[in-house]
Amino acid sequence: MKVVAVYSTKGGVGKTTTAVNLAWEAAKDFRVLLWDLDPQGATTFLLQVKPKVKGGVGALVGGKNKVSGAIRSTAYANLDVLPADASYRDLDLVFDQAKKSEQRVAKILGQVADDYDVVVLDCPPGASLVAENAIFSADAVVLPLVPSPLSMRSLQQVAEFVASISKAPVVAFLSMVDRRKTVHREAVEQLPSAHKSVTDVVVPATVQVERMGTERAPIGSFSPTTEAARAYGSLWARVQAVVKAKARKHKR
Ligand SMILES: Nc1ncnc2c1ncn2[C@@H]1O[C@H](COP(=O)(O)OP(=O)(O)O)[C@@H](O)[C@H]1O
Ligand SMILES: [Mg+2]
């Protein structure tokens, strides 16, 4: 089982959009679990799953409830979701009170190691204990970068934070790119060649991506030929190569 954390210190950069689309891409070949770690529950909403964890996430962390009981299937083959509900607002505190508080996510995932090939974690923003847990468990950390004079800082911050926790590689890519803006065009031309952790994948800012919110579906399921959908396909290929997920088909 390979674990991919989609993470940034920043909000609104496209983490959830990336997590949903990467998981959908991965589910073409693998058994995938997408874990919504953000109390806002955007991933849960986008995949039309009820935002309800029986007993709350605390019962999962404490071992009172099994994680398999909280996992829900989606409209897509091989793609399951572990949804978030309001109880996730207290997850930092729950972890803080637990033993080995940065290893709880990894421990919970151990329960389903035989059931899934790929786990995608949709992280909340910030350098919280939840993020630390996600990074601790991750084989790679995927970082969406919105072009701006500050995006290099965000790359550096995330790289340092990740390095303080694990040896997981950071796979960064440019997200929400508007080529009409000079800063964005410059970022596309310069960043991937200047930094080895920045891939050449570019996800454009488009209305089709925004439509995910009304369709409540991965972009590839309703607009597969768009540049954005293809970019997420390329991103999964890059991530798959980094985590070395074995390309063996699982049909259920
Ligand atoms: N490539 C894109 N083009 C247009 N809108 C986007 C794109 N990526 C994300 N968005 C929109 O931006 C908002 C924030 O994206 P989201 O994935 O929720 O970010 P985060 O999880 O980092 O907070 C959402 O409304 C989403 O639909
Ligand atoms: Mg999000």
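# Close-up views of a predicted model

**Figure 1. The shell around ligand 1 draws on helices and a strand.** Helix H1 (15-26), strand E8 (198-204) and helix H9 (207-210) each contribute at least two residues to the shell around ligand 1. Helices (H or I, at least four residues) and strands (E, at least two) are DSSP runs numbered from the N terminus. The model is predicted, and local features therefore require pLDDT of at least 70, side-chain atom pairs count only at pLDDT 80 or more, and totals for chains, interfaces and linings use all residues. Residues are numbered from 1 along each chain as its sequence is written, chains are lettered from A and ligands numbered from 1 in the order in which they are written, and side-chain values use heavy atoms, with hydrogens and water left out. H1 gives the most to this shell, namely three residues. Ligand 1 is surrounded by 14 residues, of which the closest are Gly12, Lys15, Thr16, Thr17 and Pro204; a residue is near a molecule or strand if one of its heavy atoms lies within 4 Å of it.

**Figure 2. Backbone atoms of Val13, Thr16 and Thr206 approach ligand 1.** A backbone N or O atom of Val13 is 3.1 Å from an oxygen atom of ligand 1, and a backbone N or O atom of Thr16 is 2.9 Å from an oxygen atom of ligand 1. For Thr206, a backbone N or O atom lies 3.0 Å from a nitrogen atom of ligand 1. On its own, ligand 1 has 550 Å² of accessible area, and the protein covers 75% of it. Accessible areas come from the Shrake-Rupley method with a 1.4 Å probe; for residues, only the protein chains shown count as cover.

Figure 3. The largest pocket is where ligand 1 sits. A pocket is identified on a 1 Å grid over the protein atoms alone, as an open set of points where a 1.4 Å probe fits, with protein on both sides within 12 Å along at least five of seven lines. A molecule sits in a pocket if more than half of its atoms lie within 2 Å of its grid points.

Figure 4. Thr16 belongs to H1. With a relative accessible area of 17%, Thr16 is buried; buried means under 20% relative accessible area, exposed over 50%, and partly exposed in between (1.4 Å probe, protein chains only). The side chains of Thr16 and Asp122 make a polar contact at 2.8 Å. A polar contact is a pair of N or O atoms within 3.5 Å; within protein, one must be able to donate a hydrogen and the other to accept it, and residues adjacent in sequence count only if both atoms are side-chain atoms. Leu22 is also placed in helix H1, and Leu22 is buried because its relative accessible area is 0%. From C-alpha to C-alpha, Leu22 and Val120 are 7.8 Å apart in space, although 98 residues separate them in sequence.

Figure 5. Val13 is buried, at a relative accessible area of 6%. The C-alpha atoms of Val13 and Leu174 are 9.6 Å apart, while the two residues are 161 residues apart along the chain.

**Figure 6. Helix H12 and its end.** H12 (residues 227-243) has 17 residues and should span 24 Å at 1.5 Å a residue, which agrees with the 24 Å between its end C-alpha atoms. The expected span of a helix is 1.5 Å times one less than its number of residues. Among the buried residues of H12 are Tyr232, Leu235, Trp236 and Val239. Ala237, which also lies in H12, counts as partly exposed because its relative accessibility is 40%. Ala237 and Glu25 are 212 residues apart in sequence, with 8.9 Å between their C-alpha atoms. Just after H12, Lys244 adopts a positive phi of about 55°.

Figure 7. Most residues other than glycine have a negative phi. Asn78 is not a glycine, yet has a positive phi of about 65°. Arg216 is found in the loop between helix H10 (212-215) and helix H11 (219-222), and counts as partly exposed at 27% relative accessibility.

Key:
On a 1 Å grid over the protein atoms alone, a cavity is a set of points where a 1.4 Å probe fits but cannot get out, and a pocket is an open set with protein on both sides within 12 Å along at least five of seven lines; lining residues have an atom within 4 Å of a point.
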